[in-house]
Every structure is written in structure tokens, then in C-alpha cells.
Amino acid sequence: MSVSLELKDIVQEYPRPDGKGVTRVCDKISLKFDQPGINMLLGPSGCGKSTILRMMGGVRPIGVRTPTTGTVLIDGKACDGAHDDAAMVFQRYANRPDLTVWDNVYFPFRMKLWKKKVSKAEAEKRVKEVLAAVGLPDKDDLLPAQLSGGQNQRVALARALVLRPRILLMDEPFSALDAQIRQEMQQLLVKLHEMQPCLVVFVTHDVTEALTLGDRVITLSTQPARVADDFQITEPRPRSGIWARSTEAVKMEERILNLLHAASPGMGQVRVTV
Amino acid sequence: MTDDRSLWNPYTPLSPGQRRGLGFGAVLFLLLLWGAAAALALVGPNKLPAPWKVAEAFVYLAWDAENQRSLLLTATLWSVGRILAAFVLTLAVGIPIGVMMGASPKINAVLSPLIDPFRSAPVVALLPIMVMWFGIGESMKVVFLFIGAVVYLIPMVRDAMQAVPQSHWISARDLGATPWEAVRLAVLPMAMPRIADGVIVATSVMWTYITVAEYVNAREGLGQLIQNARRFSAMDQVFAGIIVIIALALITYQLMQFIKRRLYPWETQQ
């Protein structure tokens with residue numbers, strides 16, 4: 001499943017709350033993704049990572065033109081609204097509390113768009129498979145309140161993957177989870193990506209997470225966001241703790257941290273888990 | 001040293017027994033005070049009838065052996081019937097309008113200046129207009145209850161919709177929902193518990209307006225029963241009627257709360 005996703009000279013401006021002028025959040029960002037790998041978008045909190053991710057997903061904030069100027073291209077075609085090539089997973093997993101795990105994952109198939117494309121039998125088969133894949137095969141009938149945060153995020157991930165998207169956009173999906181659960185979820189993502197390779201764009205402010213998961217790590221500066229750094233990691237996944245402490249990994253980490261500090265002295269926060 | 005069980009601690013847990021005991025005690029205390037005031041003739045019986053007189057009046061209203069009839073039952077059935085009719089009308093009109101206002105800022109901008117002011121407007125003052133428009137029959141009473149309740153329900157439904165976190169809407173849109181599908185499948189189901197709260201408030205409002213609705217040309221109903229008793233200076237019956245309305249409103253409230261908890265058990269678990 002090949003796909004190309006390209007951002008061309010993306011500028012995003014938001015009107016200031018006091019109504020006087022605009023704040024530039026993203027400044028001429030150009031990026032191209034054409035491999036089905038895991039791409040990490042790293043930057044301090046509030047730097048505009050989520051804004052960029054939403055642009056890729058075609059989800060637009062209300063009342064603001066996105067992007068202000070520039071284009072998002074999917075397979076070379078400009079796209080400026082909702083499209084079904086990408087599915088998103090958010091930090092707030094937005095599961096419906098009144099629906100069971102099964103119904104939450106089946107949820108998108110209740111929409112006209114997917115009803116037309118996927119038969120009921122096929123949809124049910126997919127839900128079953130994806131629930132097994134994310135490690136919730138026997139939790140069909142449970143409600144979100146009966147699940148832990150990690151399990152709820154698995155449901156949200158399953159709901160995105162069940163659509164077999166060519167592009168998976170993840171907006172700090174694991175940052176609200178405990179360290180141990182976060183690690184489990186990262187391992188799960190690696191496993192799922194091997195099973196169902198797609199283009200993943202993963203937004204995080206966690207340097208360790210970026211180095212654990214990424215085939216490619218893009219570091220953004222802040223206010224406005226610009227591409228500060230962009231490099232590949234060739235080390236195969238899953239990456240061991242030994243690699244994480246290797247000179248190569250430590251150098252990458254230092255390189256990113258230096259950039260982030262230079263780009264935003266004293267502003268924003270970066271998390272490094274040891 | 002801090003005392004967790006001090007009077008002034010909003011977080012002190014009370015056992016259900018304690019809570020019921022204190023509430024029951026308060027009511028009992030009021031009854032005793034009332035009884036004492038009547039027994040000692042502190043207030044004239046035509047102003048404040050003794051509780052036992054009210055009880056007697058209640059028994060008489062509940063079953064009039066001489067005429068083989070229950071005035072109270074007939075009156076209650078009439079009032080409940082009117083409230084039920086207005087209830088159906090209020091839900092059928094109020095919920096769709098509230099949902100549309102909550103889902104669309106544009107519709108809200110158009111309709112809210114037409115609806116919101118009535119929340120603080122004296123709906124009672126509209127009664128003469130209702131009479132002019134709908135006559136003095138049943139439809140006037142039902143429409144009056146409907147107007148009184150729907151102006152509360154609509155803004156509450158709208159607020160319930162707007163209180164749903166935007167993440168649900170964004171997530172549904174991203175999964176491919178049309179805007180209306182996102183409202184119907186993601187936002188509305190999340191708003192339901194608060195919409196149910198709105199329905200409960202609207203019903204309580206109808207119980208407070210029932211006496212007013214039945215002020216004009218009612219031959220039956222609890223409001224009429226009270227008004228009739230007042231005309232004959234039967235204060236004991238006036239009190240009995242008021243107590244019955246309060247009791248019915250309380251029962252309705254508890255019942256609706258119970259139904260709401262059964263329908264949306266997940267609300268408190270979020």
C-alpha cells in the first residue's frame with residue numbers, strides 16, 4: 001500500500017484573542033512522506049504539531065482557514081478538506097461511554113461513507129481481527145468505564161485501524177498513560193505496524209518515544225514552528241535498551257535536545273524518560 | 001487539628017441512614033412546630049389550620065363517603081392528564097429545537113434571542129393572551145404548560161449539546177462522519193444525560209404552573225380544587241391540596257431520576 005503525503009509551504013496563522021492581528025503558528029513547513037514507515041513529529045508543547053497533523057487529516061478547526069497558505073498533497077493531489085485516506089488517534093480517545101468495546105470499534109461502519117464501501121459481514125470480520133490484534137479479544141462486551149486508560153486507547157487505535165487507513169495520524173496518543181503502559185502501547189504499535197504497514201505520522205513531545213519508534217524523526221522549533229531537523233534512524237525495531245544507551249542513540253538525543261533548547265530558549269517543555 | 005466530621009465540611013460523607021434521618025427529622029420538626037402553633041392558637045385557624053384538620057380534609061378529599069366519590073383522585077387524574085399532554089408536546093418540540101441550536105451556532109444565533117428571554121419573562125403574565133388565543137378550554141391549559149416548560153427545556157438541551165467535549169465531534173468527523181452524522185452518532189448520545197436533566201426540570205416547572213393553568217375556568221384538577229376550597233374559606237382543604245401537589249411533584253422527580261439513572265448508568269462513571 002503505497003501512499004505519498006506532502007506538505008508544501010504550509011503557513012498557519014490564528015487570529016489573536018484580543019482581535020489585534022494574527023499569530024503565526026507554522027511558518028513555511030515543507031515535508032514529504034512517501035515510505036510506509038513511522039514518522040515522528042517532535043516539538044515542544046504548543047508548537048503547532050497538532051495543527052499540522054490535523055491539516056493532514058483534513059480535520060479543520062472551526063472558524064479558521066487551514067492552512068492559511070500552502071497545500072497538503074496526498075498522492076500528488078491537493079486536499080483541503082475531510083478525506084478518508086487517513087485515520088487519527090488522539091490523546092483523548094473519545095470512546096462512547098454507552099457503547100461496548102465491540103460497538104465502539106464498529107462505530108465508523110455506522111456511517112454512510114463506510115457502509116457503502118464495506119459490507120456488514122466484512123466489517124464484523126475486521127472488528128474481530130483488529131480487536132485480537134490490539135490485545136482485547138475477550139473484552140467485546142465491556143464498557144469503556146470498565147477498561148483502563150491503556151485499554152481505552154487500544155479501543156481508539158482499533159477503531160482507526162479497522163478502516164485499514166493508508167495513513168495513520170497519531171496525536172500524542174500515549175502521553176496521558178503511565179510510563180509502563182506507554183511502553184506496552186509503543187510495543188503494540190510496532191507490532192501492528194509490522195502486520196499492517198502504513199504511513200504513520202506520530203506527534204509527540206517525548207524525545208525517548210521519538211527515538212524508540214521512529215524511522216524518521218522531524219524536530220520542529222516553536223512559535224512559529226519550522227522544520228529544525230529531520231533525520232532517519234536505521235536501527236531495526238523493536239529497539240533494545242542497550243541501543244537506547246548506545247553512543248548513536250545518546251548523540252541523537254543530545255542533538256534533538258540542543259535544537260529544541262536553541263529553538264525555544266526557556267519556552268515549552270520536552271520530556272525525556274530514562 | 002482538623003476534624004473531618006465538622007459541620008462545615010462540604011466533603012463529609014453521610015450514610016444514607018444519616019441523611020434520611022436528618023431529613024425526616026426536619027420535616028417532623030416543622031410539623032411539630034405547626035401543630036404547636038395551632039394547638040396554642042398562636043395563629044387563627046382561618047390563616048393556618050391545624051395539621052390534624054388538614055389530615056381530616058385530606059381524608060375527606062380522598063374519599064367522600066356521603067357522595068361515594070374521591071374528589072382528590074378525579075382532580076389528580078385531570079391535572080396529571082394535562083401535564084402529560086403538555087409533557088409530550090414539550091419534548092416533541094423542545095428537544096429537536098434544542099438539539100439543532102446546540103449543533104449549529106447559526107441556528108442558535110437566530111433562535112436564542114427569541115427563546116432565551118422567556119426564561120426570565122413572567123410566563124404567568126401570558127395567561128390572558130393564551131385565553132384570547134386559545135379560549136378557556138383544555139387546549140389553553142395545555143399550551144400554557146407547554147410554553148412555561150419549553151422555554152426552560154430548549155436552552156437546557158442546547159447547553160447539554162454544547163457541553164459535550166469537542167473531541168467527540170472531531171473524532172467522528174475524522175472517521176468519515178458527515179456533520180449531521182457526527183451530531184447524531186457522537187454528540188447527541190453524549191448529551192443525553194444532561195438533556196434528561198432538562199426534561200426533569202421542565203416537568204417540575206409544569207407542576208408549579210399547573211395551579212395557574214387551572215385558574216381559568218377549570219371544572220376539574222388540583223388547581224381548581226385548591227381555588228374552590230379557597231373560595232369557601234376551607235383553608236384545611238387548600239393546605240391538603242398544596243401538599244398533594246408537592247407530593248406528586250416529588251414523586252415525579254424521583255421517578256424520573258430513577259429512570260434517568262437506569263438509562264444512562266455510564267454518566268457518573270465517566
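This is a predicted model: local features need pLDDT of at least 70, side-chain atom pairs count only at pLDDT 80 or more; totals for chains, interfaces and linings use all residues.
1. Let's start with a pair of neighbouring strands. Strand β4 (residues 69-74) of chain A pairs with β5(A) in the antiparallel sense, over two bridges. Within that pairing, Ile74(A) has Lys77(A) in β5(A) as its bridge partner. Residues are numbered from 1 along each chain as its sequence is written, chains are lettered from A and ligands numbered from 1 in the order in which they are written, and side-chain values use heavy atoms, with hydrogens and water left out.

2. Now look at the sheet around that pair. Four strands of chain A form an open sheet in the order β2-β1-β4-β5, with antiparallel pairing. At its edges stand β2 (22-33) and β5 of chain A, each with a single partner strand, so one side of each is left without a neighbour in the sheet.

3. Next, follow β8(A). Strand β3 (residues 38-42) of chain A runs parallel to β8(A) and is joined to it by five bridges; Ile38(A) has Val200(A) as its bridge partner there. β7(A) also pairs with β8(A) in the parallel sense, over five bridges, and Asp171(A) stands opposite Val203(A).

4. How many of the residues of β8(A) are buried? Six of its six are, where buried means under 20% relative accessible area, exposed over 50%, and partly exposed in between (1.4 Å probe, protein chains only). In a regular strand the side chains alternate between the two faces of the sheet. Here Leu199(A), Val201(A) and Val203(A) point one way, while Val200(A), Phe202(A) and Thr204(A) point the other way.

5. The largest nonpolar core has 61 residues, and those with the most contacts inside it are Phe109(A), Leu168(A) and Met170(A). The largest share of this core, six residues, comes from α5(A). A nonpolar core is a set of buried Ala, Val, Leu, Ile, Met, Phe, Trp, Tyr and Cys residues joined through side-chain atoms within 4.5 Å. Not counting residues up to four places away in sequence, Leu168(A) touches residues including Val89(A), Leu157(A), Leu189(A) and Val200(A); contact means heavy atoms within 4.5 Å.

6. Helix α8 (residues 166-174) of chain B is worth a visit too. Its buried residues include Ser167(B), His168(B) and Ile170(B). The buried residues of α8(B) pack against α1 (49-57), β6 and α5 of chain A, together with α9 (179-213) of chain B. After α8(B) comes Gly176(B), whose phi is positive, near 110 degrees.

7. On to charges: the structure holds 26 salt bridges over all chains, each being a side-chain nitrogen of Lys or Arg within 4 Å of a carboxyl oxygen of Asp or Glu. One of them joins Arg164(A) and Glu122(A), with the closest N and O atoms 4.0 Å apart. Arg164(A) lies in the loop between α5 (149-161) and β7 (167-171) of chain A and Glu122(A) in helix α4 (residues 120-133), so the pair ties together parts that are 42 residues apart in sequence. Arg164(A) is partly exposed at 33% relative accessible area, and Glu122(A) is partly exposed at 24%.

8. Are Arg182(A) and Asp206(A) buried or exposed? Both are buried, and they form a salt bridge with the closest N and O atoms 3.5 Å apart. In chain B, Asp64(B) forms a salt bridge with Arg69(B), at 3.2 Å between the closest N and O atoms. Asp64(B) counts as buried, at 3% relative accessibility, whereas Arg69(B) is partly exposed at 37%.

9. Asp84(A) sits in the loop between β5 (77-78) and β6 (86-90) of chain A and is partly exposed, at 27% relative accessibility. Leaving aside neighbours within four places in sequence, Asp84(A) is in contact with Leu113(A), Trp114(A) and Lys117(A).

Terms used:
Two strands pair if DSSP finds at least two bridges between them.
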